[in-house]
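Work through the following exercises with the sequence and the coordinates side by side.

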Amino acid sequence: MVQKFDAAAGGIGASGWALRRLPALARLGGPLAVYAVFALLIGLPLALVLLQAVMPGLFAADGAQALLSAEPLVRTLSSPAVAGSIQHSLELGLLAAFTTTVLGGAFAILVQRCDIPLRGAISLVPWLVFLTPSYLKALAWVLLMSSGGYLAQLGLLPPSLGASFFGLAGLVFVHTLSLFPLAAFIIGSALAGLGAELEDAARLSGAGPLRIWLRVNGPLLAPAIVLSFIATFAEVLSDFGLASTIARMSSFGVLTYGIYAAASDYPVDFPAAGAQALVLLALVLLVVVADRLLRRRADPHLISGRARPARRYQLGAWRWLVFAMALLVAFLALILPLGAIAARALTSTLGHGLEPGNFTLVNLDAALSLDTPANDGLMRSLFYAGLTAIIASTLALLLSARLDRSSAVMRTAVLGLSLGAVAIPGIVLGFGYILVWNRLPGFRDWPFPHYGDGSLLVMGYVAAALPYCLVVILSAIGQLAPSLTDAARLSGVGAIRRLISVTLPLILLSVVTAFLLTFIRTVFELPMSQMLIPQSGPPAPTLILKLFSHDRDGLACAMALAAMAAAGGAAALIWYPLKRIIAFGRPEGIPAASGEPS
Amino acid sequence: MTIKATLGLALSLTALSIAAPACAADLVLYDALDFAGPVAKAFEAKTGLTVDVVEPGSTGETLGKIAAEGGNPQFDIVWLDGSAVMERMAADHVLQPVPAEAYDKIAWTDLGKSLIPQSHAFLPTGTSTTAIEVNTKKVKADKMPKSWADLQGFAGSVAAKDPNLSGPAYQWLAGLFQTNGVEAGKELLARTLTNKSISGLSSGGKVNKAVLTGDASVGINQDSAIFSKIAAGEPVVAVYPSEGSVSLPQGLGISARTQHMDAAKKFIEFVTSADGQAAMQNGDDTDFFYIPVIKGVKPKPGRETSIAYTHLDDKVASAHETEWKQWYKDKFVQ
Amino acid sequence: MVSLLGPSGSGKTTLLRSIAGLIDPDRGTIRLGERVVWSEKSVLPAEKRRIGMVFQDYALWPHMTVAGNLSFGLRARRLAEPEIAARLGHALEVTRLAPYRDRYPSELSGGQQQRVAIARCLAARPALMLFDEPLSNLDAALREDMRIEMMELVRREAATVIYVTHDQAEAMAVSDRIAVMRDGRIAQFDTPRAIYEQPADSFVAGFIGGFSVVPGTVRDGLFSVRGAAADSLSTPGARPGDGMLVVRPEDARPAEARKKHARLAMPKQIESRTGDGERWVFWGGQKN
């Protein structure tokens with residue numbers, strides 16, 4: 001039997017010929033869309049911040065003028081306060097990056113390579129810590145460490161330690177406990193990529209475990225260790241959560257809070273905010289460039305693609321010691337701070353501590369009953385976060401799919417751009433949003449989004465979240481064989497259907513991961529919330545911080561607790577059933593995307 | 001997929017977020033006062049008009065937000081502690097004078113009358129003053145400070161607010177410079193506020209906390225903050241300085257660019273009515289313990305009202321606002 | 001059936017993907033029949049070209065069953081359901097996959113997966129089918145069987161196929177014509193037999209393989225091996241100058257057997273050997 005193939009006349013779909021396009025446009029469509037989104041969400045605000053630093057008169061209330069001047073930079077840099085905060089930021093960044101990398105690396109090695117009990121539960125700890133916002137951890141530690149705080153009440157805290165906590169030492173301590181998951185992820189994934197072969201080869205050559213770690217695994221992990229150091233350093237530099245809590249209470253001035261204070265506290269000094277933002281960005285940029293240079297020298301292929309999991313060390317009785325150490329980290333980083341927040345939420349005054357008569361449900365009641373300011377703030381934040389997560393993950397998916405058709409060079413460029421944007425401190429971006437949407441003609445009078453409106457806050461949230469979403473989704477798409485979508489193209493499947501029917505089901509877990517990460521991060525996002533408070537009412541993070549500074553920490557803790565429960569509950573409710581469904585319906589052989597918690 | 005499709009989808013998603021906040025309120029209120037929320041709620045219930053209450057944080061942050069908005073202010077009404085800052089904003093044409101008939105409708109007490117500014121920059125809705133907060137467990141009765149000058153004896157153990165963040169604190173600083181002289185006042189503070197970790201606090205709550213936990217034995221605080229703690233049963237007292245107290249009016253001002261003058265007038269009318277004054281006392285936090293300035297309105301129980309006032313020269317205070325705040329910041333903060 | 005044959009990096013896959021429309025060439029024209037599908041002025045996107053492709057990794061959609069994989073493209077083209085069912089049935093039947101129609105790709109063996117990939121291509125009834133090294137992921141034992149089955153299927157369905165491979169034996173076995181590629185250019189385009197018997201140059205000869213290529217010089221129709229004391233060979237018609245002598249293995253005989261014709265001596269002492277049972281290749285030193 002001979003089939004009639006469509007090679008005959010008219011076989012090629014005649015309708016297709018109407019769609020002739022210039023190849024250049026077709027090729028550039030994806031990149032252009034991506035650049036446009038990046039320019040509007042990130043590029044323009046950033047540019048204005050930097051311009052403001054060198055053109056102090058740019059947005060002057062009386063007679064704006066675009067004159068170049070080094071005056072703000074000189075004035076800012078020569079001010080002892082700013083010079084002090086630069087020094088503080090650097091000291092804090094370097095110290096915290098060092099301790100964080102040590103703790104995170106040790107945690108990753110112990111948990112991945114040793115046969116400790118309860119591995120599943122312990123490997124969940126970094127994720128939970130990672131998802132808890134830094135200012136909540138900071139506030140929890142304030143409750144614990146302040147004179148009259150919980151630890152002092154329990155007699156566990158010598159006064160001298162309490163006093164030294166409010167300063168560099170305490171900041172390094174809280175940063176380390178709060179950021180160690182980042183180091184653990186980076187070093188852990190490099191460790192997972194090492195595989196057993198190299199170690200086996202070294203063992204066959206007669207090397208003992210110590211020698212293997214010093215001479216084989218150590219050098220191979222070096223790039224990851226350096227990367228972890230750099231990433232934490234950048235993270236500490238751009239942190240606003242601790243800067244606006246512990247650092248502010250200890251009068252330990254850092255750059256991020258300096259920018260906020262110059263842009264938000266009376267007397268407002270935009271040029272000074274711009275100048276400090278310029279310094280901060282320059283430092284972060286330096287770090288990113290150093291990272292690029294180092295990574296170029298490291299051979300990425302050397303430690304990848306090894307599928308065989310490495311052997312775990314049998315520690316015997318020692319494993320209980322390791323287990324105890326892991327538990328201690330979990331206790332300090334997660335259980336104790338959350339416990340402090342919960343305790344404060346459930347008691348009426350801090351002073352009476354954990355006395356039975358001090359327990360009350362008043363705070364929780366105020367946070368949870370409808371039509372209270374606290375509850376309004378919570379609901380607002382959950383709504384904004386949901387909206388942001390939908391927009392950011394959808395936008396990231398669309399942009400990723402467009403990039404999918406572009407060259408590998410373009411994909412790398414956008415991945416680099418996203419990683420760069422991740423490093424931009426939220427506080428700088430937030431300041432840029434004020435400049436663009438409140439000062440720039442055209443944007444100022446634009447009806448939607450409008451300054452002072454919830455829509456602009458959501459837009460800011462999206463800008464802060466989009467790079468993360470792009471990194472997660474792009475890396476998931478990068479793990480899909482391109483032939484899968486090529487095959488669909490050749491079967492005559494259009495782009496949208498290809499995205500929905502082929503790409504999306506295969507990377508669904510990553511898209512949901514991006515969605516949930518964005519949702520949780522946004523519920524607690526601080527710098528944008530602080531800079532772009534909508535007139536309809538403040539979002540939860542602003543409210544929590546304000547309640548804290550007004551000494552109503554009980555209600556603040558109740559709100560934080562409720563927000564964590566809501567965000568965590570919603571995430572678990574989506575994540576676990578979905579994972580089960582996908583694991584059931586998904587045959588083996590689809591590469592799991594990176595960045596999924598498992 | 002064309003670029004259009006991508007952007008179209010993105011735009012329509014973004015447009016989703018229009019739905020919620022697009023319905024603008026009848027009145028936008030910027031404030032840093034505890035009772036503003038309840039008062040706005042009561043106003044909404046009574047008039048059916050909607051109010052957006054925006055509270056960026058401290059008085060300083062509220063002023064900062066207004067300054068940041070520059071020529072594009074978003075508020076209709078601002079309600080803050082401190083007459084000097086209101087005078088300064090009126091002088092900068094951020095605020096417009098409150099219409100004269102608004103004052104005339106009200107039965108002012110003598111104290112109230114004395115607070116009405118010539119410029120009509122704001123309408124006083126109540127007042128308070130600054131006092132010395134003393135922890136009675138830490139300081140014996142015979143060692144109580146009696147004046148600002150006595151505070152030198154507690155050097156390093158005096159908690160104070162940063163005037164950059166707090167409206168009341170600036171009013172106090174300007175008042176101190178008026179009663180004690182600028183140079184003498186600066187010297188006095190330099191000798192007294194020697195502990196930077198408690199001399200640049202962000203709010204009255206923080207001063208309370210410092211005094212209650214014993215980090216400081218005395219504090220310079222708004223008296224209503226002290227009374228709210230006394231009402232809660234805390235072991236503190238308020239001591240009024242012998243130099244005389246500077247009154248610290250809560251002022252309502254109207255934005256020079258408001259599009260909602262009628263609603264603003266209605267709001268002023270409501271605040272000065274019996275219902276409005278009741279709403280201003282419907283809570284336990286600092287600002288609810290204000291001193292009424294309208295005849296027939298009683299303060300919250302426990303609130304001291306017989307105070308020897310001196311009148312603050314707002315012109316001088318607002319003229320030096322930026323300079324003195326900066327001086328304080330450089331000396332006692334960070 | 002045309003094969004694109006060449007070493008890796010020679011441009012086979014680039015050419016194939018350009019034909020499919022998955023990448024854009026820098027310049028030139030691609031015609032399919034009479035139609036221009038790519039030129040610098042107009043582009044027909046891949047999804048409109050009606051070209052089918054069997055990928056090296058099969059590119060089966062892992063979240064769809066066999067039937068889902070086959071019908072997905074048909075549905076996208078809005079074919080009528082009876083038509084889809086008929087095409088599906090036929091494609092499954094000729095590839096003997098009917099019993100597996102509801103299985104997921106991961107539940108199939110490598111050979112079955114490959115058949116699904118071909119069936120998907122057949123069901124779409126494209127004007128042209130492209131095979132990108134479809135056998136390279138199969139183990140040696142299965143490869144031969146699949147090759148025969150695949151050829152039979154393609155011939156029976158009378159499809160036009162472009163087949164990319166770097167395995168010359170595979171190309172020889174399946175093709176009507178072979179294009180030998182080198183550095184992005186077609187070095188020779190001919191029938192397998194012609195390529196074997198008359199390789200266009202030393203590269204083609206070397207790549208087709210199994211030949212011994214001996215450098216030397218031609219003078220007066222005689223080829224003399226460079227640097228060897230062997231006798232000259234009669235090569236009528238060869239141009240004078242430097243040249244290469246290509247010796248097919250089946251034409252090589254031990255020196256004693258064909259003394260009159262060839263004086264290229266076999267090694268006197270065999271040091272190593274390799275072969276597939278039919279033919280053996282010997283290496284040895286010329287011990288004098």
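**Exercise 1.** Determine what share of the contacts in chain A with a separation of 6 or more comes from residues 24 or more positions apart, and describe the secondary structure of chain A.

Solution. In this predicted model, residues 24 or more positions apart account for 79% of the contacts in chain A that have a separation of 6 or more. Turning to secondary structure, chain A has 24 helices and zero strands. As for burial, 52% of the 598 residues of chain A count as buried.

**Exercise 2.** Carry out the corresponding analysis for chain C, taking its contacts, its secondary structure and its burial in turn.

Solution. Among contacts in chain C between residues at least 6 apart in sequence, 55% join residues at least 24 apart. The secondary structure of chain C consists of eight helices and 14 strands, and buried residues make up 36% of its 288 residues.

**Exercise 3.** Describe how helix 3 and helix 8 of chain A pack against each other, and classify the angle.

Solution. Helix 3 (residues 80-113) and helix 8 (residues 168-194) of chain A pack with their axes 5 Å apart and at an angle of about 45°. Because of that angle, helix 3 of chain A is oblique to helix 8 of chain A. The crossing in which helix 3 of chain A passes helix 8 of chain A is right-handed. The residues of this contact divide into 19 nonpolar, nine polar and one charged.

**Exercise 4.** Locate the domains of chain A and characterise the side of domain 1 of chain A that touches domain 2 of chain A.

Solution. The domain assignment gives domain 1 (86-265 + 277-335) and domain 2 (361-598) of chain A, whose C-alpha centres lie 24 Å apart. Their contact takes 21 residues from domain 1 of chain A and 18 residues from domain 2 of chain A. On the side of domain 1, at least two residues each are supplied by helix 4 (119-131), helix 5 (134-145), helix 10 (209-238), helix 12 and helix 13 (270-297) of chain A, and the largest share, five residues, comes from helix 13 of chain A. By class, this side of domain 1 of chain A has 17 nonpolar, four polar and no charged residues.

**Exercise 5.** Which element of chain A gives the largest share of the side that touches chain B?

Solution. The contact joins 48 residues of chain A to 52 residues of chain B. Elements giving two or more residues to the side of chain A include helix 1 (23-54), helix 16 (373-404) and helix 21 (495-523) of chain A. The largest share, nine residues, comes from helix 16 of chain A. By class, the side of chain A that touches chain B has 25 nonpolar, 16 polar and seven charged residues.

**Exercise 6.** Describe the contact between the two domains of chain B, and then decide whether Lys298(B) is buried or exposed.

Solution. Chain B is divided into domain 1 (21-127 + 250-302) and domain 2 (130-247 + 313-332), with 25 Å between their centres, taken over C-alpha atoms. The contact takes 23 residues from domain 1 of chain B and 23 residues from domain 2 of chain B. Helix 4 of chain B gives the most to the side of domain 1, with six residues. Lys298(B) is found in the loop between helix 13 (274-280) and strand 12 (309-310) of chain B. Because 10 other C-beta atoms lie within 10 Å, Lys298(B) is exposed, the cut-off for exposed being 12 or fewer.

Technical notes
Residues are numbered from 1 along each chain as its sequence is written. Chains are lettered from A and ligands numbered from 1 in the order in which they are written. This is a predicted model: local features need pLDDT of at least 70, side-chain atom pairs count only at pLDDT 80 or more; totals for chains, interfaces and linings use all residues. Axes are lines fitted to C-alpha atoms, for helices over the stretch in contact, and angles run from 0 to 180 degrees between N-to-C directions. Helices (H or I, at least four residues) and strands (E, at least two) are DSSP runs, numbered from the N terminus. Angles under 35 degrees count as roughly parallel, over 145 as roughly antiparallel, 65 to 115 as roughly perpendicular and the rest as oblique. A crossing is left-handed if the near helix is turned anticlockwise from the far one by less than a right angle, and right-handed if clockwise. Ala, Val, Leu, Ile, Met, Phe, Trp, Tyr, Cys and Pro count as nonpolar, Asp, Glu, Lys and Arg as charged, and the others, Gly among them, as polar. Two residues are in contact if their C-beta atoms, placed from the backbone, lie within 7 Å. Domain bounds come from an automatic or database domain assignment. A residue is buried if 20 or more other C-beta atoms lie within 10 Å of its own, exposed if 12 or fewer, and partly exposed in between; C-beta atoms are placed from the backbone.
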